[in-house]
Structures are given as structure tokens and as C-alpha cells.
Amino acid sequence: MKYMMFVCTDTEPDTDPAPEPDIVAWVAGQDGAGRRVTGHQLAATSAATTVRVRNGELLVSDGPFTETKEVIVGFDILECADLDEAIEVARAHPMARAGRLELRPFATFA
């Protein structure tokens with residue numbers, strides 16, 4: 001099953017003084033196990049462009065549409081047997097301590 005994992009900042013990161021996991025090692029481990037399909041860090045929110053159409057009119061604005069302190073800074077697409085496996089993959093990601101990870105399964109259409 002495929003999962004989109006949003007990598008987000010958090011206003012309340014973990015305060016554990018233990019060293020954070022290495023992102024290069026995490027990527028290599030997940031790629032080697034065939035659980036990470038792809039992923040990438042995103043540019044800063046200042047580079048975002050929001051596109052909307054309202055009453056037939058195109059509205060384009062610079063920056064993110066939502067006002068929030070937490071932002072999506074990257075993503076990974078995971079291929080896991082089930083949600084439990086996806087949670088274990090996310091648990092080992094460095095941003096599980098420094099930020100937050102949102103797992104969302106891909107929708108299936110009949």
C-alpha cells in the first residue's frame with residue numbers, strides 16, 4: 001500500500017538530548033528495503049505559489065495560502081504492507097523528533 005508522508009516542522013520539537021538519527025542513513029535504509037518510492041525536501045514557503053479559481057477567475061498569490069507556524073518541508077512516498085509498517089518507517093525518520101510526520105494512504109478508486 002502506498003502512503004504519502006508529509007514531513008513538517010513543529011513548534012514543539014523533542015527535547016531529548018540524544019543524537020538525532022541521520023537522514024542520509026534513513027534514506028539509504030528505506031531505499032534499500034524498497035519502502036521509499038521517492039521523496040524530496042521542498043523549497044522555503046517564500047517560494048510557494050497558491051493557485052485558485054473563483055467564479056471563473058484565476059487567482060494567483062505568492063506564498064502559502066494557509067497561515068500556520070508548522071509547514072510542510074518535504075515528502076516521501078512509501079510502499080508499505082500496512083499502516084503499522086508505515087508508522088515504523090516514520091518513527092525512524094529524523095523529523096519524527098524535530099518536527100512531525102503525517103501519513104496518508106493513497107485513495108483507491110473503484
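A residue is called buried when its relative accessible area is under 20%, exposed when over 50%, and partly exposed in between, with a 1.4 Å probe and protein chains only as cover. By that rule C80, at 2% relative accessibility, counts as buried. The structure is a predicted model, in which local features need pLDDT of at least 70 and side-chain atom pairs count only at pLDDT 80 or more, while totals for chains, interfaces and linings use all residues. Residues are numbered from 1 along each chain as its sequence is written, and side-chain values use heavy atoms, with hydrogens and water left out.

**Cysteines**
- The count of disulfides (pairs of cysteine sulfur atoms within 2.5 Å) comes to zero.
- The sulfur of C8 is 17 Å from the closest cysteine sulfur, which belongs to C80, and this is too far for a bond.
- C8 counts as buried because its relative accessibility is 8%.

**Arginine 97**
- R97 is placed in helix 3, residues 95–98 (helices are DSSP runs of H or I with at least four residues, strands runs of E with at least two, numbered from the N terminus), and counts as buried at 17% relative accessibility.
- The side chain of R97 reaches the backbone oxygen of D16 at 2.7 Å, and one of its polar atoms lies 2.9 Å from the backbone oxygen of A18.
- Beyond neighbours within four places in sequence, R97 is in contact (heavy atoms within 4.5 Å) with P13, D14, D16, A18, P19, E20 and P21.

**Leucine 58**
- L58 is found in strand 4 and, at 55% relative accessibility, counts as exposed.

Key: Polar contact = N/O pair within 3.5 Å; in protein donor to acceptor, adjacent residues only side chain to side chain.
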